[in-house]
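Q: Some terms used for a structure rest on cut-offs, and I would like to go through them one by one. Please set each value against its definition.

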There are 2 protein chains.
Amino acid sequence: MTPLPTPTGRLTVAGLGPGAPAHTTAAVLQALQQADDVVGYLPYVARAQALWTTHDMAAQGTEAQPQWHASDNRVEIARARQALALAAQGRRVVVVSSGDPGVFAMASALFEALEHADAAESTRWQALDIEVLPGVTAMLAAAARAGAPLGHDFACINLSDNLKPWDVIAQRVQLALQADFALALYNPRSASRPEGFARLLALLRAHCTPERLLVFARAVATPDEQLQVCTLQEARADMADMRTVVLVGNSQTRRVGPWVYTPRSYPGATPASAGSAP
Amino acid sequence: MTPLPTPTGRLTVAGLGPGAPAHTTAAVLQALQQADDVVGYLPYVARAQALWTTHDMAAQGTEAQPQWHASDNRVEIARARQALALAAQGRRVVVVSSGDPGVFAMASALFEALEHADAAESTRWQALDIEVLPGVTAMLAAAARAGAPLGHDFACINLSDNLKPWDVIAQRVQLALQADFALALYNPRSASRPEGFARLLALLRAHCTPERLLVFARAVATPDEQLQVCTLQEARADMADMRTVVLVGNSQTRRVGPWVYTPRSYPGATPASAGSAP
């Protein structure tokens with residue numbers, strides 16, 4: 001979107017995509033090559049550094065390697081403020097997220113920091129040239145490895161209760177199942193939630209038949225990738241960890257050979273139109 | 001996933017991402033460069049041809065330019081069967097979709113064709129080396145241009161009633177609004193649905209306040225790109241056409257400067273955790 005007048009620096013929020021460098025877009029690689037500073041959660045900054053090596057960016061351009069600013073998890077607002085402050089000095093700053101920056105990642109944190117800036121910061125920060133560069137978010141990479149489980153309407157839910165009450169999560173899952181959405185579930189388990197994924201499985205079992213298909217996709221497009229397809233009956237809470245995205249099929253989701261897919265059409269579609277597509 | 005024994009050909013379903021070549025992943029470019037045949041809806045095959053030129057693929061590799069097989073809209077199953085038959089001849093076939101192939105695109109159609117193959121086809125087709133390569137789907141590109149409207153839980157709904165009854169769509173939208181999901185709405189309008197987007201706006205007006213924020217993102221990342229942000233009160237059905245993705249914020253979605261974002265946290269989150277992130 002058009003920035004406000006007199007930009008004083010450039011801030012790009014970029015999605016690295018899932019683990020493999022091959023899933024990063026050219027637009028994001030170019031932003032990294034032109035960056036003065038790269039800001040992000042430690043493992044994502046490490047991935048950006050690896051992309052520099054993989055693509056030999058220093059050799060390609062006249063650009064010097066950027067300054068790397070890695071921070072820990074759970075300091076998203078402080079990280080966003082650091083990036084805004086660096087850009088306000090006239091620097092070209094890239095904030096890196098895994099997957100897509102707009103899905104449970106840094107883009108929302110950046111605009112939150114911008115909204116809550118004090119008057120002096122606000123004047124400088126609103127004048128920045130800000131851009132969000134999309135990436136392949138985890139659920140799309142997970143779905144691609146499994147087949148096409150998200151090929152029909154679906155809901156995308158962050159299961160972490162750090163930023164919203166569990167009751168809200170539980171109600172959303174129940175309404176989504178009532179709507180017969182397939183589900184893409186992020187952050188199914190974390191160290192701060194030892195009960196892990198068990199609560200969610202109990203919810204699913206209360207609303208779905210035991211044959212409902214689930215995909216546990218761990219560390220997709222990395223050397224640690226693990227993909228497990230099972231029925232709700234076979235699912236166990238320990239199949240999900242912090243690096244797992246869980247996909248839940250809708251009532252029509254089925255297997256074909258080793259694949260899982262959700263049909264494009266839904267019961268009740270008129271035969272006349274059943275052969276055509278959206 | 002591990003293909004069945006004795007693969008006789010390779011079939012890749014690839015997502016080109018939104019309009020701009022810069023949003024296509026390296027994995028998809030490599031698949032196109034190695035393809036014997038590229039199959040897809042006419043405008044998407046044209047985009048794949050443009051990528052060949054942009055990246056001068058013929059010069060880069062020893063690969064000859066693939067054979068291009070462009071077909072019209074609404075023949076997805078026939079197109080999938082054509083691709084499977086070509087691959088069964090031992091050819092390297094790439095089926096191209098815009099955005100991500102797993103979101104209202106060709107991946108689901110491919111597995112549907114595979115499931116409904118006759119016995120002889122099934123034996124050959126199940127033996128193929130099939131891969132789905134994800135891409136940046138339209139809602140992520142649209143959200144990135146607007147800010148971060150999908151930064152919290154959301155639902156993704158195809159508004160086309162070609163393959164499901166309108167009643168199912170209406171019920172899903174109502175339940176999604178009851179859950180306070182943001183919405184990503186694909187195919188809001190088409191020539192076969194002259195009533196266009198009006199029915200959906202009426203649904204929204206029945207369940208949301210007039211201040212609810214909407215983003216109409218047309219032809220994102222193309223020269224025809226148009227981005228309109230407005231309130232539900234200001235929204236008109238003719239703001240959406242076949243090339244538009246419509247994003248609807250949740251009850252917390254707000255503006256900051258020219259941007260629209262949905263906060264990561266939701267009312268009811270404990271103050272202790274409100275500063276942290278998933």
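Q: What makes the relation of chain A to chain B that of a two-fold axis?
A: A rotation of 180° with 0.0 Å of shift along its axis superposes chain A on chain B, with an RMSD of 0.0 Å, where copies are superposed by least squares on the C-alpha atoms of residues with pLDDT of at least 70 in both. That is the relation of a two-fold axis. This is a predicted model, in which local features need pLDDT of at least 70 and side-chain atom pairs count only at pLDDT 80 or more, while totals for chains, interfaces and linings use all residues. Residues are numbered from 1 along each chain as its sequence is written, chains are lettered from A and ligands numbered from 1 in the order in which they are written, and side-chain values use heavy atoms, with hydrogens and water left out.

Q: How do you know that the copies meet through the same surface?
A: Of the interface residues of chain A, 100% are also interface residues in chain B, so the copies meet through the same surface. In this interface 85 residues of chain A are in contact with 85 residues of chain B, contact meaning heavy atoms within 4.5 Å. The two chains bury about 7,600 Å² between them, 62% of it on carbon and sulfur atoms; buried area is the accessible area (1.4 Å probe) that two parts lose on being put together, summed over both.

Q: Why is the pair A:E76 and B:R264 called a salt bridge?
A: The term requires a side-chain nitrogen of Lys or Arg within 4 Å of a carboxyl oxygen of Asp or Glu, and the side chains of A:E76 and B:R264 meet at 3.9 Å, N to O, so the pair qualifies.

Q: Why are α1(B) and α2(B) called roughly perpendicular?
A: Helix α1 (residues 26-34) and helix α2 (residues 42-54) of chain B pack at an angle of about 90°, with their axes 11 Å apart. Angles of 65 to 115 degrees count as roughly perpendicular, under 35 as roughly parallel, over 145 as roughly antiparallel and the rest as oblique, and α1(B) and α2(B) are therefore roughly perpendicular to each other.

Q: Which residues of α1(B) and α2(B) meet?
A: B:L29, B:L32 and B:Q33 in α1(B) meet B:A48, B:L51 and B:W52 in α2(B).

Definitions and conventions:
Axes are lines fitted to C-alpha atoms, for helices over the stretch in contact, and angles run from 0 to 180 degrees between N-to-C directions. Helices (H or I, at least four residues) and strands (E, at least two) are DSSP runs, numbered from the N terminus.
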